[in-house]
Amino acid sequence: MSNQSESPNPTSSSNKITLKTSDNEVFEVEEAVAMKFCTVKQYFDDENNNNVTSGTSTTLIPLPNVESHPLAILITYCKKHLEIKANNADNKKEMEIDMEHYEREFLKNVMPQELTELILAANYLNFKEALDFFCRAVASAIQNKSVEYVRKFFGLESDFKPGEEEKLREEFAWSFEGVDED
Amino acid sequence: MAESCKRRRISTTKGKPKCSSSSWSDLPTELLELILKKLSFVDVIPFKAVCSSWRSAAAQLQSQYHSIHITPWLMLPNGQEDDHTSRCFLNLAENKVYKFENAFEFEGLGNDPWCVGSSHGWLVILDDEANPLVFNPFSRVQIELPLFPNEFNPIMIHFLRKKLITKAVLLADPSRCKNFVVVVIYGFLSRLAFCKHGDTTWTNLSDAADQVYRDIICHNNQLYALDDNLSVKVWDFQGPSLNEIVTIPPLTLLKDVDSTRKFSRDIRVSTQIYLVKTSSEILFIERFIRKSFKELSTEDGTQTVVCSCSTKLFYVFKLNLREQRWEKVESLNDQVLFLGGNQSISFSGLDRCKPNSIYFTDDKWNDEYDTEFSYGGHDVGLFNLDDQSITHFFDSDLEKIDPPPFWITPNPW
């Protein structure tokens, strides 16, 4: 199965780059999209410097640490990101408004569990804007929430020695108050 | 950008993918830090209790915080009668109130601690017997200071301690500097004295010929003191011996402004003066406070008349060091000042605060006649230099806000 990238960005070159995920799915993406993934860009540059291949369109870049599910989401996000940037090239404020709107809509379709995958994938691909956005999303999801809520949200368990957590809670009792209902 | 791109290389070795599962417990500390960094410092504190890896990520992050980016909080009494050791803190940036039960219930602090200074998130406190000490209500660390000599009758000391030390500032943040210096304005003559952490006594800074001091601030190991004649003296604490390095003559320019003053002949108006160090200037601030009489209903239904203070206006002057004179300033631009009993502080482009403004709190509690009144401490607000307006961001049901409100920049690490 192969995922074709849609609606090519008119401002970018028509070169395609093929990415292969850990679960052996192949994604063909615009060069402009792939180049936002710094890890891919680095691999691509290294290959070119070594003159291993001449035709870029045939290059297949393996991504052994990324699964197809988060990659597909990241590609969608990246394409939209580039599109908004291109549409508002001369108006930074408009661009920020459009981006904010898109990101708000985007989060409505993302489950908390998916955010982990997305953060790990964005981090591995070194896609800075996405990493920043997903970290912001997680931060606002846990802001003003109880410790119990956060543990549940992340699927974490306390590994403190007896008394350690109580000591922290006692020492900073004021900061544990006034949080939202779980 | 290019450099950071080099950090990660794709390994083409075949095998099982390393981190394709989606468990948060596997989240590397650097990524956890990225998430926590998006929260305000105060939201991070409770998350130390999530698990040990979160605790270390938060601790790592906290070591990078610096108080210059944190909006000051307003320290207020708890509101319960006879509870002198609890406090409320109004977090101005988020308009949220935190309650610190027994914040001051600490051995050595006494039952009724009196605050005389606030610098770098640390308070200078006088205990019930007027012994000074340095205390951080956020980290709950206290540091002892040498006893301050006084000849007061022990029975009167609880009341008279408010005259013993009227303002204290710290030359450095005790969390980061072991040899911090405390400077105080003390006594009925408002003289200066200091001690270095570890000293066993206080040292006088002013001699007999000196003026009465009205405000002190510290910057870069230097002490700036404003006297009653409105001249400024600067001492350098950097070297092995203490040097008085410069004296800036009295504020001559004020006379010119005098004639245009709105309140020059209003006997109900008194002034409070402050020194402020901004990123590039030394400022002199004059605050005009009008006293009025206010009728209050007491519990038994009778009326009582109390004196109420309300700030009406501020004048701002900056120091022209070369010409040794003060010049009137019409705008602070994006700067925000915080004035009161604290060491005056200025910020540039502070989040969620109105730029070109002075946030002030009530510090008229040193007047002899005011201490007797059952009303006071309400003169808290913000003055905007653009339109010269006063806005109130805080309201209290208390008739007397005692101890009075204090600005403090949280510094819990």
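Helices (H or I, at least four residues) and strands (E, at least two) are DSSP runs, numbered from the N terminus.

Now the ground rules. This is a predicted model, where local features need pLDDT of at least 70 and side-chain atom pairs count only at pLDDT 80 or more, while totals for chains, interfaces and linings use all residues. Residues are numbered from 1 along each chain as its sequence is written, chains are lettered from A and ligands numbered from 1 in the order in which they are written, and side-chain values use heavy atoms, with hydrogens and water left out.

Chain B to begin with. Chain B has six helices and 25 strands. Of its 413 residues, 55% are buried. Buried means under 20% relative accessible area, exposed over 50%, and partly exposed in between (1.4 Å probe, protein chains only). Take the contacts in chain B between residues at least 6 apart in sequence: 51% join residues at least 24 apart.

On to helix packing. Two packed helices are described by the angle between their axes and the distance between the axes. Axes are lines fitted to C-alpha atoms, for helices over the stretch in contact, and angles run from 0 to 180 degrees between N-to-C directions.

In chain B, look at helix H2 (residues 29-36) and helix H4 (residues 52-62). They pack at an angle of about 60°, with axes 9 Å apart. From H2(B), the contact uses B:Thr29, B:Leu32, B:Glu33 and B:Leu36. From H4(B), it uses B:Ser53, B:Trp54, B:Ala57, B:Ala58, B:Gln60 and B:Leu61. By class, that contact has six nonpolar, three polar and one charged residue. Here Ala, Val, Leu, Ile, Met, Phe, Trp, Tyr, Cys and Pro count as nonpolar, Asp, Glu, Lys and Arg as charged, and the others, Gly among them, as polar.

Now chain A. Helix H3 (residues 68-87) and helix H4 (residues 92-108) pack at about 160°, axes 9 Å apart. H3(A) and H4(A) are therefore roughly antiparallel, a label for angles over 145 degrees. H3(A) residues in the contact include A:Ile73, A:Tyr77 and A:Ile84. On the H4(A) side, A:Met95, A:Tyr102 and A:Phe106 are among them. The residues of this contact divide into seven nonpolar, two polar and four charged.

Back to chain B, helix H5 (residues 157-164). Is H5(B) enclosed or open? Six of its eight residues are buried, so H5(B) is largely enclosed by the rest of the structure. Those buried residues include B:Arg161, B:Lys162 and B:Lys163. The buried residues of H5(B) pack against S4, S5, strand S8 (165-170) and strand S9 (181-186) of chain B.

Between S4 (114-119) and S5 (122-126) sits a loop with B:Gly121. B:Gly121 is buried, at 0% relative accessibility. Beyond its neighbours within four places in sequence, B:Gly121 contacts B:Asn136, B:Pro137, B:Ile408, B:Thr409 and B:Asn411.

B:Arg140 has a positive phi of about 55° although it is not a glycine. B:Arg140 lies in the loop between strand S6 (132-136) and strand S7 (141-144), partly exposed at 27%. B:Asn356, also not a glycine, has a positive phi near 55°. Its loop runs between strand S21 (345-348) and strand S22 (357-360). B:Asn356 is buried, at 3%.

Conventions: Contact means heavy atoms within 4.5 Å. Angles under 35 degrees count as roughly parallel, over 145 as roughly antiparallel, 65 to 115 as roughly perpendicular and the rest as oblique.
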